[in-house]
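I opened this entry to record what I looked up about side-chain packing. The notes follow the order in which I went through the model.

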Amino acid sequence: MRMNCKVMQHRVPYTLIERTSLLSSVHNVKPECLEEYIKETGENLLRVHENKDHLMELVGSWTTLIGSNTDQVTHLWRFPGYDGLNQCVTTLLEDKEWQRFRKSQGSKVISRSSQILLSFTYWPAPEKKPNQGRIFEMRSYDLT
């Protein structure tokens, strides 16, 4: 299975778009499974992050504190453009340990969604913030 991300390109001037993109993955977790989900996910996402074959960098993972679904977990990944994302997806589909993990997580989540995020060159890139507090705000803008 190959993912064709080139379809996602829009009419925004390419000089304003960063070459490195982000992938936001949101999981709505069953409340009774949240603690186990966080433990297992932390171990597996760290393994993917540390594997240089995957070309994705885990920027951060967090749970939702305020909002309509406080059993929600967000993971933010950085990848080198659409080709890098395609290569990572292909590598993960061939990773038996990742496939076992995804299958086991299926019983713990209600739904999963993901979104490719592109930032403008004049905005600072999101960075890991160890030891700088535990509250973050995530915003998106519709420029249409």
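Predicted model: local features only at pLDDT ≥ 70, side-chain atom pairs only at ≥ 80, totals over all residues.

Leaving aside neighbours within four places in sequence, I found Phe 101 in contact with Glu 40, Thr 41 and Asn 44.

I then looked up the nonpolar core that holds Phe 101. This core is the largest one and has 12 residues in all, among them Leu 23, Met 56, Trp 77, Cys 88 and Trp 98. I checked which elements supply at least two residues each, and listed helix H1 (34-50), strand S3 (72-79), helix H2 (81-94) and helix H3 (96-105). H2 gives the most, with 3 residues. I also noted a second, separate core of 6 residues, which includes Cys 33, Tyr 37, Val 73 and Val 109. As general background, nonpolar side chains in soluble globular proteins tend to be buried together.

Next I turned to the cysteines. I counted 0 disulfides in the structure. Cys 88 counts as buried because its relative accessible area is 0%, under the 20% cut-off. Cys 33 is likewise buried, at 14%.

My last entry concerns H1. This helix has 17 residues and reaches 24 Å from its first C-alpha to its last, close to the 24 Å expected at 1.5 Å a residue. I listed its buried residues as Leu 34, Tyr 37, Thr 41, Asn 44, Leu 45, Val 48 and His 49. In an α-helix, residues three or four places apart point the same way, because there are 3.6 residues a turn. The buried residues of H1 pack against strand S1 (21-29), strand S2 (57-63), S3, H2, H3 and strand S4 (109-117).

Key
Residues numbered from 1 in each chain as written. Heavy atoms only, no water. Core = buried A, V, L, I, M, F, W, Y, C linked by side-chain atoms within 4.5 Å. Buried < 20%, exposed > 50% of the residue type's maximum accessible area, 1.4 Å probe, protein only. Helix = DSSP H or I, 4+ residues; strand = E, 2+ residues; numbered from the N terminus. Contact = heavy atoms within 4.5 Å. Disulfide = S-S within 2.5 Å. Expected span 1.5 Å × (residues − 1).
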